[in-house]
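Here's a walk through one protein model, going from the overall layout down to single residues. Keep the viewer open as you read.

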Amino acid sequence: HTSGLFVMPLVSVIVTAYNSLEYIETCIGSVLSQDMQDYDLLVIDDGSNSRDAGLVVDKINEIKNTRIK
């Protein structure tokens with residue numbers, strides 16, 4: 001879908017993360033492996049302790065996929 005010059009994805013996948021370091025990489029990998037490609041993935045920290053929140057951000061940055069926000 002287009003809105004002006006900005007192309008919006010058909011679907012937004014929203015994942016809440018609460019102290020989920022051991023699962024987040026598997027979760028993100030599962031979403032990214034889907035056949036449908038017209039989506040963005042929003043990972044929302046839901047109050048994790050500061051250590052886990054920072055490590056989840058590091059994991060997301062390691063993946064380097066522009067659909068992850």
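## Ground rules and contacts

Contact here means heavy atoms within 4.5 Å. With that cut-off, take the contacts in the protein chain between residues at least 6 apart in sequence: 78% of them join residues at least 24 apart.

A few conventions before going on. This is a predicted model, so local features need pLDDT of at least 70, side-chain atom pairs count only at pLDDT 80 or more, and totals for chains, interfaces and linings use all residues. Residues are numbered from 1 along each chain as its sequence is written, and side-chain values use heavy atoms, with hydrogens and water left out.

## Confidence

The score to watch is pLDDT, the predictor's confidence in each residue, from 0 to 100. It averages 83 over the protein chain, and 91% of the residues score at least 70. Confidence is highest in strand E3, at 91, and lowest in strand E1 (residues 2-3), at a mean of 54.

## Layout

The protein chain has 2 helices and 4 strands, where helices (H or I, at least four residues) and strands (E, at least two) are DSSP runs, numbered from the N terminus. Read from that end, the order is β-β-β-α-β-α. Along the principal axes, the C-alpha atoms fill a box of roughly 40 × 25 × 20 Å.

Strands E3 (residues 11-17) and E4 (residues 39-45) run parallel and pair over 7 bridges; to count as a pair, two strands need at least two DSSP bridges between them. In this pairing, Val11 stands opposite Tyr39 in E4. The chain gets from E3 to E4 through H1, and this β-α-β crossover is right-handed: with the strands pointing away from the viewer, the path from the first strand over the helix to the second runs clockwise.

How much of the chain is buried? Of the 69 residues, 25% are, taking buried as under 20% relative accessible area, exposed as over 50% and partly exposed as in between (1.4 Å probe, protein chains only). In soluble globular proteins, nonpolar side chains tend to be buried together.

A nonpolar core is a set of buried Ala, Val, Leu, Ile, Met, Phe, Trp, Tyr and Cys residues joined through side-chain atoms within 4.5 Å. The largest one has 12 residues, among them Val15, Ile24, Tyr39, Val43, Val56 and Ile68. E3, H1, E4 and H2 each give two or more residues to this core, and H1 gives the most, with 4.

## One salt bridge

Side chains of opposite charge can pair when their charged atoms come close. The structure holds 1 salt bridge, meaning a side-chain nitrogen of Lys or Arg within 4 Å of a carboxyl oxygen of Asp or Glu. The partners are Glu25 and Lys59, at 3.3 Å from N to O. The pair links distant parts of the chain, 34 residues apart: Glu25 is in helix H1 (residues 21-32) and Lys59 in helix H2 (residues 50-63). Glu25 is partly exposed at 46% relative accessible area, and Lys59 is partly exposed at 24%.

## Two positive phi angles

Where does Asn19 sit? Asn19 is in the loop between E3 and H1. Its phi is near 45°, a positive value in a residue other than glycine, and Asn19 is partly exposed at 30% relative accessible area.

Lys64, in the segment after H2, also isn't a glycine and has a positive phi of about 55°. Lys64 counts as exposed, at 72% relative accessibility.
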